[in-house]
Amino acid sequence: MYVCLCNGYRSSEIEQTARASGLSCPVAVYESLGSGPCCGTCLPTAKSIIEDAHRGRRRAANLDAPLPLAAE
Ligand code: FES
């Protein structure tokens with residue numbers, strides 16, 4: 001799905017770039033893809049995609065798991 005019509009960025013590109021780079025700012029992810037935002041209409045959607053990508057990454061690494069209880 002196209003997220004950014006100004007640059008022709010798809011949700012999959014935004015997600016993959018965020019995961020690979022660790023970037024969380026949509027502007028930084030866009031710049032990493034080649035050019036920054038123009039009108040900015042897509043930025044809230046891009047931010048949501050990036051947050052989901054990082055949440056998925058944390059889940060895959062089991063970083064969201066509760067901490068183990070201390071041994072008694
Ligand atoms: S739609 Fe993404 S900058 Fe305009």
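Me: Two residues are in contact if their C-beta atoms, placed from the backbone, lie within 7 Å. With that settled, what covers the buried residues of H2?

Reply: Keep in mind that we're looking at a predicted model. The buried residues of H2 are Pro26, Val29 and Tyr30. Seen down the axis of H2, they fall within an arc of 100°, so they line one face of the helix. What covers them includes strand S2 (9-10), H1 and H3.

Me: Let me zoom out for a second. In what order do the elements of the protein run from the N terminus on?

Reply: Start by counting the pieces: there are three helices and two strands. Now follow the chain from the N terminus, and the order reads β-β-α-α-α.

Me: Which element gives the largest share of the largest nonpolar core?

Reply: That core has 12 residues in all, among them Val3, Ile14, Tyr30 and Ile50. The largest share is four residues, and the element behind it is H3.

Me: Are H1 and H2 roughly parallel or roughly perpendicular?

Reply: Two packed helices are described by the angle between their axes and the distance between the axes. Here H1 and H2 have axes 10 Å apart and pack at an angle of about 100°. Angles from 65 to 115 degrees count as roughly perpendicular. That makes H1, relative to H2, roughly perpendicular.

Me: How do the residues of the contact of H1 with H2 divide into nonpolar, polar and charged?

Reply: On the H1 side we've got Glu13, Ile14, Thr17, Ala18 and Ser21, and they meet Val29, Ser32 and Leu33 in H2. Sort that lot by type and you get four nonpolar, three polar and one charged.

Me: What phi does glycine 34 take?

Reply: Look just after H2, where you'll find glycine 34. Its phi is positive, at about 140°.

Me: Last one: what percentage of contacts between residues at least 6 apart in sequence join residues at least 24 apart?

Reply: The protein has 72 residues, and 21% of them count as buried. For the contacts, take those between residues at least 6 apart in sequence, then pick out the ones joining residues at least 24 apart: that's 46%.

Methods. Residues numbered from 1 in each chain as written. Predicted model: local features only at pLDDT ≥ 70, side-chain atom pairs only at ≥ 80, totals over all residues. Core = buried A, V, L, I, M, F, W, Y, C linked by C-beta atoms within 7 Å. Buried ≥ 20, exposed ≤ 12 C-beta atoms within 10 Å, placed from the backbone. Arc of directions from axis to C-beta. Axes fitted to C-alpha atoms, helices over the stretch in contact; angles between N-to-C directions. Parallel < 35°, antiparallel > 145°, perpendicular 65-115°, else oblique. Nonpolar A, V, L, I, M, F, W, Y, C, P; charged D, E, K, R; others polar.
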